[in-house]
Amino acid sequence: MKRVILLFLVLCPALCYCQTYSSVIPDSAILQFVDWEVTNTPKYNERWFTGSKKIYKRVVSWKKAQTSMFDMDGSLEFRKRFEEFFKESKTFNEEDIDFLVQQYESEKKAKWETSFDKGIRTSSRMNSYQMTIPLFSKDMNKVMFWKYFLCGSLCAEACLYVYEREGTVWKLKSTHSCYWS
């Protein structure tokens, strides 16, 4: 009986309080933003008339996201990797950047655990988006994430997006390091 109680006490915190995507930001904030993004941003899709937007089920790791030609293997630390972006955009202050670093380092490997209103694609083939976990500012009013749109062997688009909350709506503030093929 003592072993059962001990096992319960050890497993309960891990099962009750675990977060899927980040150990810093609650999953609810991440999923709420991604759901908003999937629902409210323009769709690049062969079926644009249906308004459907498909997100690939696997989350893209920030370390693997091709955000720079100078960091193809993801070996640069976060501040170095985005140094030019932070200088140009002036969107995030030093406290925000520290918080972004914290989130970047706490990223967990995952897949999207929600359907985003049936917008999940199980295959990474044609016409699907892939996203990183959004990184939020300290006050949770700004967010940055990397998003790819894959539409074939010679068809792709990728950008680093920065949104800012204005009331209850997120507004696109800027895009950086974009490329198309």
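This is a predicted model: local features need pLDDT of at least 70, side-chain atom pairs count only at pLDDT 80 or more; totals for chains, interfaces and linings use all residues.

Residues are numbered from 1 along each chain as its sequence is written, and side-chain values use heavy atoms, with hydrogens and water left out.

**Exercise 1.** Find out where Ser-22 is located, whether Ser-22 counts as buried or exposed, and which side chain makes a polar contact with that of Ser-22.

*Solution.* 
- Step 1: Start with location. Ser-22 sits in the loop between α1 and α2; helices (H or I, at least four residues) and strands (E, at least two) are DSSP runs, numbered from the N terminus.
- Step 2: Check accessibility. Ser-22 counts as buried because its relative accessibility is 3% (buried is under 20% relative accessible area, exposed over 50%, partly exposed in between, with a 1.4 Å probe and protein chains only).
- Step 3: Look for polar partners. The side chains of Ser-22 and Ser-106 make a polar contact at 3.2 Å. Such a contact is a pair of N or O atoms within 3.5 Å; within protein, one must be able to donate a hydrogen and the other to accept it, and residues adjacent in sequence count only if both atoms are side-chain atoms.
- Step 4: Turn to the backbone. A polar atom of the Ser-22 side chain lies 3.0 Å from the backbone nitrogen of Val-24.

**Exercise 2.** Describe the surroundings of Val-24, beginning with the residues that Val-24 touches.

*Solution.* 
- Step 1: Val-24 belongs to the loop between α1 (2-16) and α2 (27-40).
- Step 2: Leaving aside residues up to four places away in sequence, Val-24 touches Gln-19, Phe-99, Gln-102, Gln-103 and Ser-106 (contact means heavy atoms within 4.5 Å).
- Step 3: Compare sequence with space. Val-24 and Tyr-104 are 80 residues apart in sequence, and their C-alpha atoms are 9.4 Å apart.
- Step 4: Val-24 counts as partly exposed because its relative accessibility is 25%.

**Exercise 3.** Work out how many bridges join β6 to β7, and which residue in the turn has a positive phi.

*Solution.* 
- Step 1: Nine bridges join β6 (residues 155-166) to β7 (residues 169-180), and the strands run antiparallel. Two strands pair if DSSP finds at least two bridges between them.
- Step 2: Opposite Glu-157 stands Trp-180 in β7.
- Step 3: The two strands form a hairpin with two residues between them, and Gly-167 in the turn has a positive phi of about 70 degrees.
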